[in-house]
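Welcome! Please take a look at the sequence and the model, and then read on.

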Amino acid sequence: MIIRTLQAADAPALLAFELANRTWFEQHVAARAPSFYSHQGITAHITEYLDLHDQGAMLPCVLVDVGGVIVGRANLRHIDRAAGTGEVGYRIAHDAGGQGLGSLALRHLLDAACNDYQLRTIDAWITDDNPGSRRIAEKHGFMRLDLAPLPEICGEQERWAYAYRYALALPAP
């Protein structure tokens, strides 16, 4: 298993990953707009993430198995070096669950946050209906803080969902 930065050439494999796991993901996180699930949609998504990466505001990663299949995603986003803050998120394929990939992804993001970006605090937003992510975050030292409304896109409409903010203070690099 390798974790690497997302690439423009990942579009077909990323679309396959997202389509194969769409129902699973939508049980735990906001549904993406239907337009996302097309070659044009996924290409625009990758372009946006790589632009943010070039600006230093995001580290978009994919988890790839030995056969070259994408089995997960991991993102360090909302990077603010001046404030020393960022946010993590990840999604693992349903059939790859229970293999420690969520922990692997989170460790990778935390290492990058600390050593590459010199961040001091990392947040994760986790809903009550996502116990797997909650366990992984708590295992890595995140503390549950406040419940907050978060805007999310469901289909083509924005709605509000509630999630807990989990925070982790990082050691100095």
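Let us begin with one residue. Ser103 is buried, with a relative accessible area of 5%; buried means under 20% relative accessible area, exposed means over 50%, and partly exposed lies in between, using a 1.4 Å probe and protein chains only. Ser103 sits in helix α3. Leaving aside residues up to four places away in sequence, Ser103 touches Ile136, Lys139 and His140, where contact means heavy atoms within 4.5 Å.

A word on the model itself: it is predicted, so local features need pLDDT of at least 70 and side-chain atom pairs count only at pLDDT 80 or more, while totals for chains, interfaces and linings use all residues. Residues are numbered from 1 along each chain as its sequence is written, and side-chain values use heavy atoms, with hydrogens and water left out.

## The overall layout

The protein chain has four helices and seven strands. Helices (H or I, at least four residues) and strands (E, at least two) are DSSP runs, numbered from the N terminus. Following the sequence, the pattern reads β-α-α-β-β-β-α-β-α-β-β.

How much of the protein chain is buried? Of its 173 residues, 46% are buried. The accessible surface comes to about 9,000 Å², and carbon and sulfur atoms hold 54% of that surface; these areas come from the Shrake-Rupley method with a 1.4 Å probe, and for residues only the protein chains shown count as cover. Among contacts with a separation of 6 or more, 60% are between residues 24 or more positions apart.

In soluble globular proteins, nonpolar side chains tend to be buried together. Here, the largest nonpolar core has 48 residues. Such a core is a set of buried Ala, Val, Leu, Ile, Met, Phe, Trp, Tyr and Cys residues joined through side-chain atoms within 4.5 Å. The residues with the most contacts inside this core are Leu63, Leu76, Val88, Leu119, Ile122, Phe142 and Leu170. Helix α3, residues 101–116, supplies the largest share of this core, eight residues.

Which residues of α3 are buried? They are Leu101, Gly102, Ser103, Ala105, Leu106, Leu109, Leu110, Ala112, Ala113 and Cys114. Just after α3, Gln118 takes a positive phi of about 55°.

## Salt bridges

A salt bridge is a side-chain nitrogen of Lys or Arg within 4 Å of a carboxyl oxygen of Asp or Glu. By this rule there are six salt bridges. In one of them, the side chains of Glu18 and Arg73 meet with N and O 2.9 Å apart. This pair links distant parts of the chain, with Glu18 in helix α1 (residues 11–26) and Arg73 in strand β3 (residues 70–80), 55 residues apart. Glu18 is buried at 0% relative accessible area, and Arg73 is buried at 2%.

Another salt bridge joins Glu87 and Arg77, whose closest N and O atoms are 2.9 Å apart. Here Glu87 lies in strand β4 (residues 85–92) and Arg77 in strand β3, 10 residues apart. Glu87 is buried at 14%, whereas Arg77 is partly exposed at 24%. A further pair is Arg165 and Asp146, at 3.1 Å from N to O. Arg165 is in strand β7 (residues 157–169) and Asp146 in strand β6 (residues 143–154), so this pair ties together parts that are 19 residues apart in sequence. Arg165 is partly exposed at 24%, and Asp146 is partly exposed at 35%. Salt bridges that share partners also join Glu18, Arg73 and Arg91 into one network.

Cys61 is buried at 1% relative accessibility, and Cys114 is buried at 8%.

Finally, visit Thr47 in helix α2 (residues 39–54). Thr47 is partly exposed, at 41% relative accessibility. Thr47 and Gln7 are 40 residues apart in sequence, and their C-alpha atoms are 9.0 Å apart in space.
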